[in-house]
Amino acid sequence: MLDTLILAAAGGAPIPLHPVTKAGCKAWLAGLDAKARRWAEAQGFDATQGAVLSLPAADGAIAAAAVGLGEGDDPFAFSSAASALPPGDYRLETASLPAGWAAEAALAWALAAYRFGRYRPSLAEGPRPRLVWPVGADRARVERLITAIGLVRDLVNTPAEDMGPAELAKAAGDLAAAHGATLSVIVGEELRTANYPLIHAVGRASSRAPRLIDLTWGDPGHPGVTLVGKGVCFDSGGLDLKPSAGMRLMKKDMGGAAHVLGLAALIMGQKLPVRLRVLIPAVDNAVAGNAFRPGDILTARNGLSVEIGNTDAEGRLVLADALAEACAGAPDLLIDCATLTGAARVALGPDLPALFCDDDALVEDLLAQTRITRDPLWRMPLWAPYRRMLDSKVADLTNAPDGSFAGAITAALFLKAFVDPEVRWLHLDLFAWQPAARPGRPEGGAAQGLRALFGLIETRFGR
């Protein structure tokens with residue numbers, strides 16, 4: 001994504017690009033010469049968010065352009081200009097920008113240029129409009145964000161045939177090598193020996209061996225930040241087989257893993273003073289003669305016994321072992337990201353990840369970052385009385401309560417059983433997918449809550 005087709009260095013005579021709000025549209029039109037004003041009015045330009053206008057020069061070239069910001073509350077309006085303007089170099093007239101929007105405008109422009117061209121290279125080819133880095137934009141920071149978001153999108157968009165547990169481990173290895181981190185991977189039967197029984201049980205039916213990916217980086221004397229990501233590379237549902245429609249997007253069931261790798265890239269790229277650990281249980285939930293079964297009772301890493309109520313509730317199982325291991329290191333902050341429940345999507349839709357946390361101060365800090373970054377999350381309750389829904393007659397708890405009530409909450413409560421009460425813990429139940437294209441957010445893999453989480457970690461530990 002970071003090439004001259006996306007964001008250009010200053011040079012030549014770039015075309016001025018004017019950001020115009022609804023409130024400032026009348027004054028902006030009045031400042032044009034008579035010919036340009038008549039042209040803009042004839043085009044019906046009224047600064048509606050995402051509206052794009054090209055103003056012609058006498059020789060037929062583009063003399064200037066404008067992008068509508070509407071009420072001036074969404075920097076992703078600049079994504080419309082990146083998509084709609086003809087090829088050329090453009091210079092943002094930053095004097096008209098809302099305060100602090102230079103970096104946001106550059107980020108929105110670049111994210112609009114994303115194309116997943118691995119299997120169809122022509123999608124990423126051809127001339128595009130280029131933006132000179134806006135005055136006041138922190139180029140290094142924006143580039144790190146672009147790279148991290150692109151990584152999440154690429155990993156989620158890659159089909160399961162080419163993004164299995166081994167390929168996910170390689171992606172983590174590439175990231176570790178780029179930042180001088182250490183990577184270890186426990187594979188297959190070694191998971192049993194190392195006492196990760198739930199990860200092994202979920203992944204054992206696949207021809208692609210399950211594994212636990214473990215990345216560490218930073219000074220051991222710094223505060224500990226541990227990230228856990230659900231890495232189910234394809235979810236068939238196991239013996240409780242999904243219908244074909246439910247399986248169609250299951251290449252994205254490793255979206256939590258993609259998110260923690262993207263977040264790790266930001267943390268290491270910014271060189272935050274933390275001791276970072278990333279744990280990813282990477283498995284396929286497949287069907288075979290040795291698949292785990294409904295009614296099986298498995299003992300997790302922390303000693304709790306789990307009755308399998310449904311093999312399609314496998315994500316919480318692999319996360320349970322990883323969370324138990326994460327807590328053994330007593331991190332100052334533990335975050336897990338997972339495409340965990342359909343119930344969260346029924347409640348909040350595809351755009352709003354569900355946030356679960358018992359620490360009110362931590363939640364308020366994170367929600368403050370969602371407002372700063374315009375990267376939304378929505379708090380849901382860890383409602384303790386619903387813990388009874390996880391009761392089992394033959395084990396410590398079940399992975400799938402009977403009935404359809406409170407599915408996202410009970411899933412979060414299941415995970416909580418494997419988290420040390422002394423550890424500050426955030427759980428994100430996200431979709432990791434954009435079902436329909438929006439400005440700067442193409443259909444396909446989506447990074448959700450990534451900028452807000454990074455802002456939280458940077459604010460808490462980066463100073």
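Reader: Which residues in H11 meet which ones in H14?
Author: This is a predicted model. In it, Arg-316, Leu-317, Leu-319, Ala-320 and Leu-323 of H11 are in contact with Ala-411, Phe-414 and Leu-415 of H14.

Reader: And how many of those are nonpolar, polar or charged?
Author: The contact of H11 with H14 comprises seven nonpolar residues, no polar ones and one charged residue.

Reader: At what angle do H11 and H14 pack?
Author: Helix H11, residues 315-328, and helix H14, residues 407-416, pack at about 30°, and their axes are 9 Å apart. Angles under 35 degrees count as roughly parallel, and H11 and H14 are therefore roughly parallel to each other.

Reader: Is the crossing of H11 and H14 left-handed or right-handed?
Author: The crossing of these two helices, H11 and H14, is right-handed.

Reader: Now H6 and H10: how do their axes cross?
Author: The axes of H6, residues 165-179, and H10 cross at roughly 5° and come within 10 Å. That angle makes H6 roughly parallel to H10.

Reader: Which residues meet there, between H6 and H10?
Author: From H6 there are Leu-168, Ala-172, Leu-175 and His-179, and they meet Ala-257, Leu-261, Ala-264, Ala-265, Met-268 and Gly-269 of H10. Sorted by class, the contact of H6 with H10 has eight nonpolar residues, two polar ones and no charged ones.

Reader: Changing topic: how many salt bridges does the structure hold?
Author: There are 26 salt bridges in the structure. One of them joins the side chains of Arg-451 and Glu-104, at 4.0 Å from N to O.

Reader: Where do Arg-451 and Glu-104 lie?
Author: Arg-451 lies in helix H15, residues 450-461, and Glu-104 in helix H4, residues 101-112, so this pair ties together parts that are 347 residues apart in sequence.

Reader: Are Arg-451 and Glu-104 buried or exposed?
Author: Arg-451 and Glu-104 are both buried.

Reader: What does Asp-253 form a salt bridge with?
Author: Its partner is Lys-230, and the closest N and O atoms of the pair are 3.0 Å apart. The two residues link distant parts of the chain, 23 residues apart: Asp-253 is in the loop between helix H9 (244-247) and helix H10 (255-269), while Lys-230 is in the loop between strand E9 (224-229) and strand E10 (231-235). Both Asp-253 and Lys-230 are buried.

Reader: And Arg-301, what does it form a salt bridge with?
Author: Arg-301 pairs with Glu-325, and their closest N and O atoms are 2.9 Å apart.

Reader: Why does Glu-325 count as buried?
Author: Buried means under 20% relative accessible area, and Glu-325 counts as buried because its relative accessibility is 12%. Arg-301, by contrast, is partly exposed, with a relative accessible area of 23%.

Reader: Which residues do shared partners join into one network?
Author: Salt bridges with shared partners join Asp-214, Arg-277, Arg-301 and Glu-325 into one network.

Reader: One more residue: where does Gln-369 lie?
Author: Gln-369 is in helix H13, residues 360-373. Its relative accessibility is 10%, so Gln-369 counts as buried.

Reader: What is Gln-369 in contact with, leaving aside its neighbours within four places in sequence?
Author: With those neighbours left aside, Gln-369 is in contact with Arg-374, Ala-452, Gly-455, Leu-456 and Thr-459.

Notes. Residues are numbered from 1 along each chain as its sequence is written. This is a predicted model: local features need pLDDT of at least 70, side-chain atom pairs count only at pLDDT 80 or more; totals for chains, interfaces and linings use all residues. Side-chain values use heavy atoms; hydrogens and water are left out. Axes are lines fitted to C-alpha atoms, for helices over the stretch in contact, and angles run from 0 to 180 degrees between N-to-C directions. Helices (H or I, at least four residues) and strands (E, at least two) are DSSP runs, numbered from the N terminus. Angles under 35 degrees count as roughly parallel, over 145 as roughly antiparallel, 65 to 115 as roughly perpendicular and the rest as oblique. A crossing is left-handed if the near helix is turned anticlockwise from the far one by less than a right angle, and right-handed if clockwise. Contact means heavy atoms within 4.5 Å. Ala, Val, Leu, Ile, Met, Phe, Trp, Tyr, Cys and Pro count as nonpolar, Asp, Glu, Lys and Arg as charged, and the others, Gly among them, as polar. Buried means under 20% relative accessible area, exposed over 50%, partly exposed in between (1.4 Å probe, protein chains only).
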